[in-house]
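Hi,

Here is the structure I promised to pass on. Have a look at it first, and my notes on what I found follow below.

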Amino acid sequence: MPLLWLVLILLALSVAGFFLGRQRALASAGGNSKDLHSLPSYYGHNVALTGLVPALGVLAIWLLAQPLFIESRVSSLIPEEAIPESSTLGLVMSDVRRVAEGLDLAVSEGVMTPEQARNMRSEFSDVRGRLGEIGVALGSDVRPEVLNAAQSYRNLSNTGTTAMIFVVALIAAVGFAYSYSKTHKDFRARNVVEQGIMALLILAASLAILTTIGIVLSMFFETINFFSLHSWTDFFFGGTWAPNFRGDSELSILPLLWGTLYISVIALLVAVPIGLFAAIYLSEYANNAVRSFAKPLLEILAGIPTIVYGLFALLTVGPALVRFFGQGENGILGVEWMSGATSVLTAGVVMGIMLIPFVSSLSDDIINAVPQAMRDGSLGLGATKSETIRQVVMPAALPGIVGAVLLAASRAIGETMIVVMGAGAIAKFSANPLESMTTITTRIVSQLTGDTDFASPETLVAFALGLTLFVLTLGLNVLALAIVRKYREQYD
Amino acid sequence: MSENTQNTPRPSSSLLELTDRTKRRNAAEKRFRAYGIGAIAIGLLMLAVLVFNIVSKGTGAFQQTFITLDVELLESKLDKKGNRDLADIKKVTTFGYSPIIRNAIEAKVTGLGIDTPLKAKAMAGLLSKDAAAQLREFVVANPEKIGDTVEFRFLAQSRVDGYLKGRVIRANIANDKNISSEQLDLVDALVEAGVIAKTFNWDFILGADASDARPEAAGIGVSMMGSLFMMLVVLALALPIGVAASIYLEEFAPQNWLTDIIEVNISNLAAVPSIVFGILGLAVFINYMHLPTSAPLVGGLVLTLMTLPTIIISTRASLKSVPPSIRDAALGVGASKMQAVFHHVLPLAAPGILTGTIIGLAQALGETAPLLLIGMVGFIASNPPQGIAEGLLSPNSAMPAQIFEWAKRADPAFYERAWGGIIILLIFLVTMNTVAVILRRRFERRW
């Protein structure tokens, strides 16, 4: 773990730098800290930060950029004609990476010497067989171009890591030396340190943007890869979801979208009436005692992890529904409408329970934001409380409540564990809520877990699904927040 | 005139007598109120059902059935050469231990005078498949005991455990090849003799997951370590980064389009489905940066990105609640803006920040979906990690992922474990939230 050591050494250096810088500053002022421009500790911080921060920054950038650089260098080694017809450069590169990782493993387990790994020739030795011995399974025999590329891949990453350690250490040393030499009683250390800290604060704040960019890019590139392997018309407009790992799959999002929306609608049918009436009662009728008792209890439902709801759906609600609607003669209703515990209704109802506090606390805020004068006016004209609520408060709060429902819908669409455990795995268009159906999130999980091959459309489709999900939920959120914000401005 | 009035019939509308319309309106009022009460009742009922379900189904996992036997560690089987050479003893596989266990249970049954048509092999079927491994582990650790008779507490197999807990009933075992009704007769007799008994199951809380065939040996301890390491990563990264970002946005950021973008971005990130963060983690940390799959480090990084918006939002709220007079006073006595923030505002906001962080951590602790994508499911880590580096980098599971794993398995005995795991998970969450509430009550200052 050379990386860990590098970071630890840098940290140790910066602690040492702090004390050295502080000491030198004090010494330059003859031990009288009143002669210094800044407090002594600022000189120490200056030395520590100038040494540490640029070095760590370069380290992070290097770690991010090295794979990209090596990728482009190695892929230029693979000639056009070495790419089989049904394949792409990306697929060949993933082979290259796997061979390179296999060679690394072989060296680290002592099966091969480093020289062997470097000089192996696929013409002379059975690379696939030897890597298979240590548990690296390769799909096909290793072609000479691929092995060559894999070997230069290993070379480049080894040189890269060595160079990285050297460069980072150099930058740290230069930083320390420079700031140490600048340390003097007239040096404006506080200003410099504060500028540096400000830069760090800005960096932290922009991490949120980096995350978003990361999300979009990571899914975007793989989605492009997917569309180069699979037609986009089938993905958006086809009618069947039938992944087939031997190829020739039909991967259409429409049946998944149907399942997702169906379950979300059922969840909202459960959550919106209950949540809304609970919010109305709590904000308009309930006295303080009831409010302070019921509100936190309801909000517990929001704090329960979704895995718990998933288990509840799979092991409690599902079997209970089967007892009602299934089991033929033995069932409570004596009908045979439901065969398994997983169904749209199971997932929808449980998701609805999860969303009750979400809807109720958002609506509660919104109802409370309606000015009291409107209620007083209505009550003064002789309307009953419920008439006031229905005809004055609700219309005023409606945009906000629509926003809350949209936010709840976005939560429902993106919810994963409940549908993975409660909804089933069959992709189809059906209006029967007692059948099991599948959703976008369920398919993302099942396409990306287990043995995945990032060169096959069956795996890559998960990224296209993820991007669609992201766009869908983001759109709903932006819309909902815009509605809520606009509404708030009216009464502020 | 007054007579005239008296003779006319009383007007149909009196203030004292309700008209039909008023009655309707009042009824509607009552109904409306009842809907509200009904909605709250349904919500609370669901909570009660959920909690009752978890407690009633999960408490069983904390009890486990054990069978106590006196095992004679035969030298002829375990150490044929008789020289107590550890290498030779290790050569005896768990397979070689099964006859010893068979003898032990047969001796016990005949010693107690229980009459049973079962053969020794069927009697040994009451024990967990783990029993031989348990015995072998003991012998390898204490080779000097070979030849002695040692009292052992073996795990009973999951059907026996289920029978004692009421999960397995005689009516349903006709097609079960793991248990027969003769075996259950024997279990009844052994329970009466005190050989089979239920005790508190520390192994469930501290132990590792077990394979599909041995639900009785599965525990959540190792995945708890996985969760712990992930939370360390989240705490170490999300707290400083979140606080730094909030300080910038709340105290220093100029009002311009860039700040607006960052703010909108953070509020939207808070609502991105958690599975999308899993995809990000898979693509960036595993596929691009080649960090190890199933490692708590990667899980922690993903959860960090996920909890950052929560922490930023709550930190900004607590920074905002510090009155400007504090800043003004600090600036007035000559502090720089940075000093005012770091020396005065931040310490005053610390309880709020801490509360927000704990709530964010609790949220991250219960999150499952992103962990599925970075491979923290389906992996059986058999030993707790040794040291911090191994804890961060070697494959492990996490509590919610472990629960999901158990829920997926076919044997219903694992369901009990899953519910039990949820009890443990919820205990953690309740504790964290209680600490957060106490912190807020204790240290929050009203200005």
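Predicted model: local features only at pLDDT ≥ 70, side-chain atom pairs only at ≥ 80, totals over all residues.

**What I found**

The phi angle of Ser294(B) is near 60°, a positive value in a residue other than glycine. Is Ser294(B) buried or exposed? It has 23 C-beta neighbours inside 10 Å, so Ser294(B) counts as buried.

**Where the chains meet**

On to the interface. In total, 67 residues of chain B are in contact with 70 residues of chain A. The elements of chain B that give two or more residues to this side are helix 2 (20-58), helix 11 (221-252), helix 12, helix 13 (274-288), helix 14 (296-320), helix 17 (369-373), helix 19 (399-408) and helix 20 (413-443). Which of them gives the most? That is helix 2 of chain B, with 17 residues. Sorted by class, the side of chain B that touches chain A has 51 nonpolar, twelve polar and four charged residues.

For one pair, take helix 9 (residues 254-285) of chain A and helix 2 of chain B, which pack at an angle of about 115° with their axes 8 Å apart. Their crossing is left-handed. From helix 9 of chain A, the contact uses Ile274(A), Phe277(A), Ala278(A), Ile280(A), Tyr281(A) and Tyr285(A). Helix 2 of chain B answers with Arg33(B), Tyr35(B), Gly36(B), Ile37(B), Ala39(B), Ile40(B), Ile42(B) and Gly43(B). By class, that contact has eleven nonpolar, two polar and one charged residues.

For the other pair, look at helix 7 (residues 189-229) of chain A and helix 12 (residues 257-269) of chain B: their axes come within 9 Å and cross at roughly 60°. The two helices are therefore oblique to each other, and this crossing is left-handed. Helix 7 of chain A brings Ala205(A), Ser206(A), Ala208(A), Ile209(A), Thr211(A) and Thr212(A) to the contact, while helix 12 of chain B brings Ile261(B), Ile262(B), Asn265(B), Ile266(B) and Leu269(B). The residues of this contact divide into seven nonpolar, four polar and no charged.

**What the UniProt record says**

In an unreviewed entry, UniProt lists "transmembrane region" for several stretches of chain A, among them 43-65 and 302-325. In the model, residues 43-65 of chain A are 100% helix and 0% strand, with the end C-alpha atoms 33 Å apart. Residues 302-325 of chain A come out at 92% helix and 0% strand, and their end C-alpha atoms lie 29 Å apart.

Chain B also has "transmembrane region" stretches in an unreviewed UniProt entry, including 32-55 and 340-362. Residues 32-55 of chain B are 100% helix and 0% strand, with 35 Å between the end C-alpha atoms. Over residues 340-362 of chain B the chain is 100% helix and 0% strand, and the end C-alpha atoms are 31 Å apart.

**One more residue**

Finally, Leu379(A), which lies in helix 13 (residues 372-380) of chain A. Leu379(A) has 14 C-beta neighbours inside 10 Å, so it counts as partly exposed. How far is Leu379(A) from Phe237(A) in space, C-alpha to C-alpha? They are 54 Å apart in space and 142 residues apart in sequence.

Cheers

Key:
Residues numbered from 1 in each chain as written. Chains lettered and ligands numbered in written order. Axes fitted to C-alpha atoms, helices over the stretch in contact; angles between N-to-C directions. Helix = DSSP H or I, 4+ residues; strand = E, 2+ residues; numbered from the N terminus. Parallel < 35°, antiparallel > 145°, perpendicular 65-115°, else oblique. Left-handed = near helix turned anticlockwise from the far one by under 90°. Contact = placed C-beta atoms within 7 Å. Nonpolar A, V, L, I, M, F, W, Y, C, P; charged D, E, K, R; others polar. Buried ≥ 20, exposed ≤ 12 C-beta atoms within 10 Å, placed from the backbone. UniProt positions renumbered as here; feature names shortened; annotations may be inferred.
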